[in-house]
Amino acid sequence: MSNSSEGDASRTANGQKRIYPSVLELGPRKKPTTQDPLVHRGRHFGRAVHAFCNVPTLLTNGIVLLSEGRGDALDSLTVDERKEFVAFQELLRAVPGLEPRLMASSEEEVIEIGELIQKGINGARTDDTKGMKGAIIDWITPKGQSLNPHIPRNVKSGRGFNHERTGALLCPTGLDWTNTQTRTKLMNGEIQVPGDQWPVFLYADYTYDPEDPWNGLLCSGLLVSAYKHIFTSPSSVDQEPKATRSGNARIHGMRCVTKASIAYVATQTCFSLTSAQVFSRTDLITDSERFYSSIMELLDDPDESDEVDQLITWWNRQIFPLYTASERLPSKNSALARIRQKRAEYKELREADNES
């Protein structure tokens, strides 16, 4: 019979003892893994500000514009330069202390900073793609029913135009999925769908009105589910919060929807419905970058500002229940109203005393 010391240890290949902790001991504490703050900020930047930018190049070009003083005169920039510089400014606001750090950094250090932020963007996109891969099957399956044929949560080959349900959702507006000839051409690739040919799932109730193309655009229940899944928590999709950790919106202090976040969610949703295996910005089949950019072009178009403002307000009410588009005034005769009245009177008295 062996003694206890022999039971708690064995020898490695070089003859040294390997000590195993007792099952009654907690064992050494694992070192906590820390994520670089730039990676952390990059995750939110990609989701809420710009999903497809090349960050090292964005930083390099932004620094040049700042050093030349051209950033103060946006009218002198080309359309592309203006969009790029606006994204650069958003990044400076998103990362505290980034501007002085960049201005004091060498060219190599700027590239390293950009690569860390880029790592965050790419990592968040990968996580969201992986998370939505299975979840979207639940959302597109009618309650109490099943899809026929069945679509596995972890397999994409049976999606896209290969399946009745996903094909109907991905069918471009203006085409009739119920038309057998159209469906066949979409399935075999005779009809190629560019990214700016939007699918019907972007519309509320999946209904497109060619006479009023803004009606219901980017207001589908599928998009709302995807937005909640990414920005609040997967459990919030069913309006039954169960998550023990804060969602991405709360972690990053996000209190209202951004135009870029809507485009990002639409792009992730579109990819989840397709049969494509790998998310690639240069994939001409899914054409994800063009899809994202075409939505952003519409939302940034000054001529569409009224419709876009209404859309953003609608989204804020779906995602942030406490959101209000207008400032709430305190109720008349309330304690809060009285406090503010007394404070105003006190300020008036002080100003009068100072003048006298």
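Contact here means heavy atoms within 4.5 Å.

## Overall architecture

The model is predicted. Its protein chain contains 14 helices and two strands. Of the 356 residues in the chain, 38% are buried.

The accessible surface of the protein chain is about 22,200 Å², and carbon and sulfur atoms contribute 49% of this area. When contacts between residues at least 6 apart in sequence are considered, 62% join residues at least 24 apart.

## Packing of H2 and H6

Helix H2 (residues 37-48) packs with helix H6 (residues 107-140) at an angle of about 55 degrees, and the two axes lie 7 Å apart. H2 is therefore oblique to H6. The crossing of these helices is right-handed.

On the H2 side, the contact is formed by Leu-38, Val-39, Gly-42, Arg-43, Phe-45, Gly-46 and Arg-47. H6 contributes Ile-113, Leu-116, Ile-117, Lys-119, Gly-120, Ile-121, Gly-123, Ala-124, Asp-127 and Asp-128. By class, the contact of H2 with H6 comprises eight nonpolar, four polar and five charged residues.

Thr-274 lies in the loop between helix H11 (259-273) and helix H12 (288-299). With a relative accessible area of 12%, Thr-274 is buried, because residues under 20% are placed in that class.

Leaving aside residues up to four places away in sequence, Thr-274 touches Lys-156, Arg-159, Gly-160, Leu-170 and Thr-286. Gly-167 is 107 residues from Thr-274 along the chain, and the C-alpha atoms of the two are separated by 8.4 Å.

Note on methods:
Residues are numbered from 1 along each chain as its sequence is written. This is a predicted model: local features need pLDDT of at least 70, side-chain atom pairs count only at pLDDT 80 or more; totals for chains, interfaces and linings use all residues. Side-chain values use heavy atoms; hydrogens and water are left out. Helices (H or I, at least four residues) and strands (E, at least two) are DSSP runs, numbered from the N terminus. Buried means under 20% relative accessible area, exposed over 50%, partly exposed in between (1.4 Å probe, protein chains only). Accessible areas come from the Shrake-Rupley method with a 1.4 Å probe; for residues, only the protein chains shown count as cover. Axes are lines fitted to C-alpha atoms, for helices over the stretch in contact, and angles run from 0 to 180 degrees between N-to-C directions. Angles under 35 degrees count as roughly parallel, over 145 as roughly antiparallel, 65 to 115 as roughly perpendicular and the rest as oblique. A crossing is left-handed if the near helix is turned anticlockwise from the far one by less than a right angle, and right-handed if clockwise. Ala, Val, Leu, Ile, Met, Phe, Trp, Tyr, Cys and Pro count as nonpolar, Asp, Glu, Lys and Arg as charged, and the others, Gly among them, as polar.
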